[in-house]
Amino acid sequence: MNDDKVFYITTPIYYVNDIPHIGHAYTTIACDAVSRYKRMQGYDVHFLTGTDEHGQKIQTAAEAKGKTPQQLVDEIHLNFKRLWEVLNISNDDFIRTTEPRHIKVVQAMFKKLMDQGDIYKGTYTGYYCVPCETYVPENAMGPNKTCPDCGRPLTIMEEESYFFRGSKYVPELIKFYEEHVKAVMPKIRYNEIMSFLKGGVKDQSVSRTSIKWGIPVPGDEKHVIYVWFDALINYAAAVGYLDDPEKFSHYWPHVRHMVGKDIIRFHCVIWPLMLLALGINLPVEVIAHGWWTYNGEKMSKSKGNVVDPFKMVEEYGLDPFRYFLLREVPFGNDGDFSELALIGRINSDLANDLGNLLNRTLQMIKSYRDGVVPDCVNAESELSSMAFNILDRVDEAMNNFAFDEALKAIWEFIGRANKFIDETTPWKLAKDETQAERLNFVLLNLYEALCFSALLIAPTMPDTAKKIWLQLGLEGEPVKMLYEKFTWGGGAGKEINKAEVLFPRIDINEWKKTQEEKKKMSEEIKEPAIEHEAEISIDDFKNVEMRVAKIINVEEIPSSKKLYKLEVDLGYEKRTVCSGIKAFFTPEELNGKTVILVTNLKPVKLCGVESNGMILAASVKKDGVSEQLTLLTPEKDIPLGSRVS
Ligand SMILES: [Zn+2]
């Protein structure tokens, strides 16, 4: 195998606890299209994706579900595998960071860096949320240094940690980027990384003692390796860094990482610094793409507008979805997803341009030549010379990951072929016996234009290309062909199959009507969304100590809009409790009320007041905010301090 024709591309490994969304789909479809394209150009392609499975969040999620972290990740990593099947992704490998082949490489690299003095022991200081057991970076904190997840105040914590001496390699990395200006794409990200590097890079903390679910530090097992240091190594582990030096040296010099723009510092700073320290050559390119909005708005779980790729494929078909994502935005820019824009593309580009070209051509070959592609003396035409031009343009675009440019060029060709029909008027030629050779020429050219179009669209729309191929009476499938094997005019004598509609048009008015009906129906039957917790045992429940208490004093907390400071009497003691019920009661309404108090919660400080318990209330919430609220209270008199069970 020619060593220049090797192509190794990776997606990021996706955080296994995430619900797969359009962003995951986009990165992976982009890698898939370029991989399929390179294979058709005769490259030895290795396409890697996978899942990132360590860290505190997994540990917490597993505990909440009563599972081990390993059991949990074994189940949920399948969400991603299932999506890649549905999206027709042609990855050659799928790596999980809990696999032994990954773990041993991480430990070996960590040890090598320790042995050579590039990993050393120090103290990590950071803001920590005790209940959530997690460090919160300064840029993610809530107001007044609070935890973004639970809202409680953060405390400064110190722990022993290993550090990676990345700072030592920064000058070398800057030099590399100065000599390789295309190593970070697009240019705007390259500039961002250069100015970040020139601003100075601190050594990275690369271990934790506060987390259990991770890869142990070799020789010091109370530490686990920090999840980013662990995750990045997958790219080298998957191609045999430790076990298969031949494979590694075959693929690694050609490695390219595709990432979202939010994680470029890890890929363009930390990872290259690690590689420099390890003496491994740096990636050829890191390609960063933008983000997707939905109908102009940022997608978020709380807005409920996160685009679900499974649903889009079900409603609009796989290939239109793949086509839309790659066609709609210049790669690297942010893009907006809207179903109306998707329908627009289906109707114009797919149904009108491509679908009609196929349909008209097949109909004519059937009517005028009994379904057999005619031969002619010389098949060279404007279309044939344009075809090879287009392939050059597509090649340049694909090498720059400019999928939109590649598809634009292909559609220019399809447009030209449609115009060729209008110009040559085959229906007139068919009526004139003396024009038989001319008609043969036109039909053969149109047939070849379709074969060529099928090959060109195959990396983006493999299924559609195959359908066209079958209707054209060809064997095999376009994604398995090589571009260089294609010859213009080779289709003479082929027997075509029945013409079938590739993409039914979607009537926008009908679509809007159905959307409105769906919305109406869902509003009518809509009950408040019920979120259930995982099952717990009776013992779990018994751990919660609840007792009858009486509110004996109510004070406002001036710095808080939500909280009252309450004094409650449990009979055997009095306590201070902060309760977020200010919006629903005046102090007079609360004073003297008998309530149920959770008495064994860890004390927390809220707005400077230590709260020793929680008053039970039932509420109706909308978007996470209580709209109605009522306190739980015993239905008869009962002594204060009585246990609730
Ligand atoms: Zn917290």
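I start with a helix pair. On one side, in α14, are L383, S384, A387 and V394, and they meet N445, E448, A449, F452 and L456 in α17. By residue class, this contact of α14 with α17 has six nonpolar residues, two polar and one charged. Keep in mind that this is a predicted model.

Now the geometry. Two packed helices are described by the angle between their axes and the distance between the axes. Helix α14 covers residues 382–399 and helix α17 covers residues 436–457; their axes come within 10 Å and cross at roughly 10 degrees. Angles under 35 degrees count as roughly parallel, so α14 is roughly parallel to α17.

Next, α17 with another partner. The axes of α17 and α18 are 8 Å apart, and the two helices pack at an angle of about 160 degrees. The cut-off for roughly antiparallel is over 145, and α17 and α18 are therefore roughly antiparallel to each other. Their crossing is left-handed.

Which residues of α17 meet α18? They are L450, A454 and I457, and on the α18 side the residues are T464, A465, I468 and W469. The contact of α17 with α18 divides into six nonpolar residues, one polar and no charged.

Staying with α18, residues 462–471: its buried residues are P462, T464, A465, I468, W469 and Q471. What do these buried residues pack against? Besides α17, they pack against α1 (22–40), α12 (318–328) and α13 (339–369). Just after α18 comes G473, with a positive phi of about 80 degrees.

Now the sheet. Strands of a sheet pair through backbone hydrogen bonds, either parallel or antiparallel. Here we have an open sheet of six strands with parallel pairing, in the order β3-β2-β1-β12-β13-β7. The edge strands, each pairing on one side only, are β3 at 93–96 and β7 at 184–185.

β7 pairs with strand β13, residues 285–289, in the parallel sense over two bridges. One of the residues involved is V184, whose bridge partner in β13 is V286.

A helix also packs on this sheet: α3, residues 69–86, touches β1 (6–15), β2 (44–52) and β3. The direction of α3 makes about 145 degrees with that of β2.

To recap the helix part, α17 has α14 roughly parallel to it and α18 roughly antiparallel. That is all from me.

Notes: Residues are numbered from 1 along each chain as its sequence is written. This is a predicted model: local features need pLDDT of at least 70, side-chain atom pairs count only at pLDDT 80 or more; totals for chains, interfaces and linings use all residues. Axes are lines fitted to C-alpha atoms, for helices over the stretch in contact, and angles run from 0 to 180 degrees between N-to-C directions. Helices (H or I, at least four residues) and strands (E, at least two) are DSSP runs, numbered from the N terminus. Angles under 35 degrees count as roughly parallel, over 145 as roughly antiparallel, 65 to 115 as roughly perpendicular and the rest as oblique. Two residues are in contact if their C-beta atoms, placed from the backbone, lie within 7 Å. Ala, Val, Leu, Ile, Met, Phe, Trp, Tyr, Cys and Pro count as nonpolar, Asp, Glu, Lys and Arg as charged, and the others, Gly among them, as polar. Two strands pair if DSSP finds at least two bridges between them. A residue is buried if 20 or more other C-beta atoms lie within 10 Å of its own, exposed if 12 or fewer, and partly exposed in between; C-beta atoms are placed from the backbone. A crossing is left-handed if the near helix is turned anticlockwise from the far one by less than a right angle, and right-handed if clockwise.
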